[in-house]
Amino acid sequence: MKNIPFPGLLKKLLPLIYVGALALTVLIAYVGYSTSRQAQEIITSQFNQQQLILARKISDHIQNQISHLQKSLLAIRETWQVNKKISGQASAEILWQYQQLLSGDVLSLMVLNGQGQPVWRLQDPSWTPKEIPLPELKALEPFLPTPLSPNRIWIGRTFSLAGKWVLPLMVPLPYPKGHGTGVQGAIVFILDAIQIVKKATFGVVSGSTGYAWVINSQGILFDHFENEFVGRSIFEVRKARNPQLSYKIIDDLTRRELLQKKEGMAQYLSGWHRSKLTKTEKLIAYTPIPFFETPERQGRPQPLPAEEFWSVALVAPIEEVSGLIRSLNIRQFLLIGIFQLLIIFGTGMLVFISSRWSSTLTLEVDRKTEELKKSQEKLIHSERLAAVGSMASHVSHEIKNPLIAIGGLAQQLKRSANLEDREKEKLDLITKEVSRLENMLIEVRDFTRPTTPRKIKGGINPLIQEILALMKPVFTDQQIEIQIDLDPHLPEFEFDPEQLKQVLLNLIKNAAEAMTAGGRLGIKTYPRAAKVFIEISDTGKGISPEHLTNLFRPFFTTKKKGTGLGLAVSYKIIHDHNGDIQVASEVNQGTRMVVQLPLQG
Ligand SMILES: Nc1ncnc2c1ncn2[C@@H]1O[C@H](COP(=O)(O)OP(=O)(O)OP(=O)(O)O)[C@@H](O)[C@H]1O
Ligand SMILES: [Mg+2]
């Protein structure tokens with residue numbers, strides 16, 4: 001079997017293709033990994049930037065609210081000074097203004113006299129502290145109106161009072177012009193710090209589950225997603241919620257940044273997120289909420305910052321951001337995997353298909369070569385037959401007439417008188433030999449005459465039985481034992497019974513002639529692969545290897561009286577039926593002739 005070069009080359013290239021595919025995959029994976037890391041960094045930082053913007057918005061909102069309240073305080077002072085009432089009943093106007101004070105942000109409005117005693121007070125009825133620790137009026141001295149800062153408002157530190165966290169605002173009440181210098185009293189707002197913060201953070205969500213929290217300058221939470229944390233120290237609630245974790249990073253960050261009025265972004269490990277108590281990596285963006293002693297107004301010089309400030313932070317789990325990237329990554333690696341699999345599978349398939357293709361091709365080439373060889377042999381054989389035939393017919397034509405003349409003359413001579421017995425014997429011999437030659441000429445003529453099989457449907461077995469019956473006397477005479485094994489289910493098919501009879505007769509005759517000292521003749525029929533097989537075996541003298549190659553040649557014979565045409569004719573007939581004859585023989589052991597005939601001629 002010859003090898004087809006193409007798949008061989010492919011097989012050699014295969015490791016190269018795999019290494020290439022692997023290198024490509026590693027490259028893609030590396031590029032994918034670094035790109036996704038970069039994307040993660042960019043998206044994370046973008047996300048935190050957004051959180052910072054949100055924190056600034058909250059900070060602005062709270063500052064605006066305080067600024068608005070500062071303006072309200074100034075407006076009340078104005079009204080008070082116009083009415084010049086420092087004691088007694090509150091005017092309807094002040095009451096009306098108080099009603100306007102932003103839906104409960106102000107818990108209490110007080111007017112203090114020069115000694116710091118409240119001389120007039122309005123208060124949220126639901127909030128009833130025993131007493132309100134008031135700031136020292138001395139603190140107001142630097143706030144007395146100057147040309148530069150006529151409206152400076154003192155903002156105290158937030159403190160806890162009667163269940164609320166309050167932020168005091170105080171504006172000095174100077175003597176009216178011409179009535180003295182210094183402070184005759186003050187007007188105070190006590191603000192609900194938590195309420196103000198909550199209004200600003202209401203509905204704020206960062207990402208899908210992130211939230212905002214606000215602390216004051218002492219680290220007290222004024223707002224948090226967990227309501228129970230509100231009003232408690234941020235350092236304590238963290239520990240209380242999940243004591244297993246160290247909060248050093250976020251605690252340090254809170255002290256170093258948030259409680260130092262700084263703005264920034266960071267990452268830290270939290271012990272929970274919303275109701276889930278698990279370690280959660282979070283992103284945090286924070287910004288201060290500074291307060292100023294004069295209300296914000298355009299075109300003013302930068303006001304002095306107050307002592308009190310708060311800080312707002314936005315936090316969200318990194319997972320929310322990186323989760324997005326991860327799903328992208330997974331998709332990307334899935335694609336790489338599919339790509340890799342495709343390459344492996346594709347190359348494998350290619351090799352498989354091409355190797356199959358190669359073996360089928362090799363088989364096909366072998367089959368065709370064999371067919372070609374056979375048809376070539378057939379051609380040579382038939383050409384040889386044709387040549388022999390034309391020569392034989394020519395020779396027989398030339399011989400026939402003189403032979404008839406010789407035979408006729410010999411007969412005439414025999415009939416004439418006066419012949420001695422010995423002479424008559426000689427004439428007999430001449431006639432006998434002449435008739436033998438004439439018979440041979442008939443055989444040669446039969447052989448050379450081109451015939452096409454006249455096929456009719458029938459069974460081979462009955463034909464064999466017929467021949468055996470015909471030959472029976474020969475077998476008995478030569479002490480030949482017959483062994484018959486004919487398949488009773490042998491399918492019928494189309495063949496020329498006269499021609500096949502001749503073939504079988506030739507083969508059986510040859511077998512008998514090879515067993516002059518007796519033996520066993522075997523005849524077997526069976527179907528296989530859409531063919532009928534006829535095996536004729538003998539235990540005769542066998543055929544030597546050098547004779548095997550010449551067996552089917554016309555006139556090849558090893559017998560004294562043989563013409564050497566039996567097998568040549570048989571071969572021609574079988575091949576005219578699209579069949580074949582195979583020989584297996586061993587000297588002194590016997591010979592087996594196998595005839596194959598296709599069921600579909
Ligand atoms: N069964 C066999 N056993 C041994 N030799 C055989 C057998 N069949 C054929 N041969 C050999 O093949 C030769 C050719 O056979 P083939 O039948 O063509 O011619 P033949 O038998 O010699 O003469 P013919 O058949 O024309 O009378 C034989 O002479 C014989 O040597
Ligand atoms: Mg013969």
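**Briefing: strands, cores and a ligand shell**

In strand E11, the residue that forms a bridge with Ile 284 is Val 315. This pairing belongs to a predicted model, in which the chain has 11 helices and 18 strands. Of the 601 residues in the chain, 25% are buried, and among contacts with a separation of 6 or more, 68% join residues 24 or more positions apart.

**Strand E11 and its partners**

- Strand E11, which spans residues 305-317, is mostly covered, since 10 of its 13 residues are buried.
- Strand E10 (residues 280-292) pairs with E11 in the antiparallel sense, and 10 bridges connect the two.
- Strand E7 (residues 211-216) also runs antiparallel to E11, to which it is joined by 6 bridges, and Asn 216 is found opposite Trp 310 of E11.

- Met 265 lies in strand E9, which covers residues 264-270.
- Met 265 counts as partly exposed because 19 other C-beta atoms lie within 10 Å, whereas a buried residue needs 20 or more.
- When its neighbours within four places in sequence are left aside, Met 265 is in contact with Asn 48, Leu 52, Ile 284 and Ala 285.
- Between the C-alpha atoms of Met 265 and Ala 313 the separation is 9.3 Å, although the two residues are 48 residues apart along the chain.

**Nonpolar cores**

- The largest nonpolar core contains 62 residues, of which Leu 169, Leu 191, Phe 222 and Ala 313 touch the most other members.
- Helix H1 (residues 5-83) supplies the largest share of this core, namely 10 residues.
- Beyond its neighbours within four places in sequence, Leu 169 is in contact with Leu 69, Gln 70, Leu 73, Ile 153, Ile 155, Val 188, Phe 189 and Leu 191.
- As a general background, nonpolar side chains in soluble globular proteins tend to be buried together.

**The shell around ligand 1**

- Ligand 1 is surrounded by 22 residues, and the closest of them are Asn 510, Ala 514, Thr 557, Gly 562 and Gly 566.
- Two or more residues of this shell come from each of helix H9 (497-514) and helix H11 (566-576), with H9 giving the largest share, 4 residues.
- By residue type, the shell around ligand 1 consists of 8 nonpolar, 11 polar and 3 charged residues.

Technical notes:
Residues numbered from 1 in each chain as written. Chains lettered and ligands numbered in written order. Predicted model: local features only at pLDDT ≥ 70, side-chain atom pairs only at ≥ 80, totals over all residues. Near = placed C-beta within 6 Å. Nonpolar A, V, L, I, M, F, W, Y, C, P; charged D, E, K, R; others polar. Buried ≥ 20, exposed ≤ 12 C-beta atoms within 10 Å, placed from the backbone. Contact = placed C-beta atoms within 7 Å. Core = buried A, V, L, I, M, F, W, Y, C linked by C-beta atoms within 7 Å. Pairing = 2+ DSSP bridges.
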